[in-house]
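Hi,

Here is the structure I promised to pass on. Have a look at it first, and then read my notes below.

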Amino acid sequence: MNPLVEQLLNELSEFDPDLVSDGHVPDTVDREALRDVLSRQPDAVLAGAIAHAGAFRNVIIVELLIDRYRPRLNRLLLVLGADEHTAENLLQELCANVVGGALDNFDANKEFSSYVQTIVRRQFYTTVRRPRAVFTENMLDSPGPDTVDQEVEMHELFNRFEEAIRELPELEQQVMRM
């Protein structure tokens, strides 16, 4: 384990030694002091400590992903082409994945910023990318749909649609042709 991660876990255990092993952060813990300890830590150390932080895990995730990275990751998603709603959903999904253990194997000696941006990019591309058809050689042998039949069918549908519109009152015809 990275020595800085160990040092952070030791600092957290000073709040209450049992909290690092399991449980939740009780109201008796000085939240301001806890936030001060976390705010002084580099991103990579916080990410590396998530797997070992016990009750402090969620507090670290909030400090790291919400307080530090949310604006940056939101801008990244907007630049990639996401709308506000999609960006928010992807950031919530990222937090849920981290709570579920997505960063448990993060090496605190690596650059966290590029690591988390790669995760978010992949989430975005997975969300917006349509599944692609796989091209195989067998596709060349099988005949495709008869396009002439499709065109005739579409022409017939168009004619029926035009007939139905002609039976409408003048105002409704104008609305339908807008």
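Predicted model: local features only at pLDDT ≥ 70, side-chain atom pairs only at ≥ 80, totals over all residues.

**The whole chain**

The secondary structure comes to ten helices and zero strands. If you read along the sequence, you get the pattern α-α-α-α-α-α-α-α-α-α. The chain has 178 residues, and buried ones make up 33% of them. Now take the contacts between residues at least 6 apart in sequence: 64% of these join residues at least 24 apart.

Arg-121 has its place in helix H7. Its relative accessibility is 30%, so Arg-121 counts as partly exposed, since that label covers values that are neither under 20% (buried) nor over 50% (exposed). Leaving out residues up to four places away in sequence, Arg-121 touches Leu-76 and Leu-80. Leu-80 is 41 residues from Arg-121 along the chain, yet their C-alpha atoms are separated by 8.1 Å.

Ala-96 gets the partly exposed label too, with a relative accessible area of 47%. You'll find Ala-96 in helix H6, which covers residues 84-99.

**Helix H3 and its buried face**

Next, please zoom in on helix H3, residues 31-39. Which of its residues are buried? They are Leu-34, Val-37 and Leu-38. Looking down the axis of H3, you'd see these buried residues fall within an arc of 95°, so they line one face of the helix.

H3 and H5 pack at an angle of about 60°, and their axes are 10 Å apart. The crossing of H3 past H5 is right-handed. On the H3 side, the contact is made by Arg-31, Leu-34, Arg-35, Leu-38 and Ser-39. The H5 side brings in Val-59, Ile-60, Glu-63, Asp-67 and Arg-68. Notice that Leu-34 and Leu-38 turn up in this contact as well as among the buried residues of H3.

Phe-56 has 0% relative accessibility, so it counts as buried. Phe-56 and Leu-34 are 22 residues apart in sequence, with 9.2 Å from C-alpha to C-alpha.

**The aromatic rings**

How many aromatic pairs does the count come to? The total is two. One of them is formed by Tyr-69 and Phe-112, and it is edge-to-face: the centres are 5.2 Å apart, with 80° between the planes. This pair links distant parts of the chain, since Tyr-69 belongs to helix H5 and Phe-112 to helix H7 (residues 112-128), 43 residues apart. In case you wonder about those two values, a pair of aromatic rings is described by the distance of the centres and the angle of the planes.

Are Tyr-69 and Phe-112 buried or exposed? Tyr-69 has a relative accessible area of 1%, so it is buried. Phe-112 also counts as buried, at 1% relative accessibility. Finally, look at the face of the Tyr-69 ring: Arg-72 lies over it, 4.3 Å from the ring centre.

Key:
Residues numbered from 1 in each chain as written. Heavy atoms only, no water. Buried < 20%, exposed > 50% of the residue type's maximum accessible area, 1.4 Å probe, protein only. Helix = DSSP H or I, 4+ residues; strand = E, 2+ residues; numbered from the N terminus. Arc of directions from axis to C-beta. Phe/Tyr/Trp six-rings, centres within 6.5 Å; stacked < 30°, edge-to-face > 60°. Lys NZ or Arg CZ within 6 Å of the ring centre and 35° of its normal. Axes fitted to C-alpha atoms, helices over the stretch in contact; angles between N-to-C directions. Left-handed = near helix turned anticlockwise from the far one by under 90°. Contact = heavy atoms within 4.5 Å.
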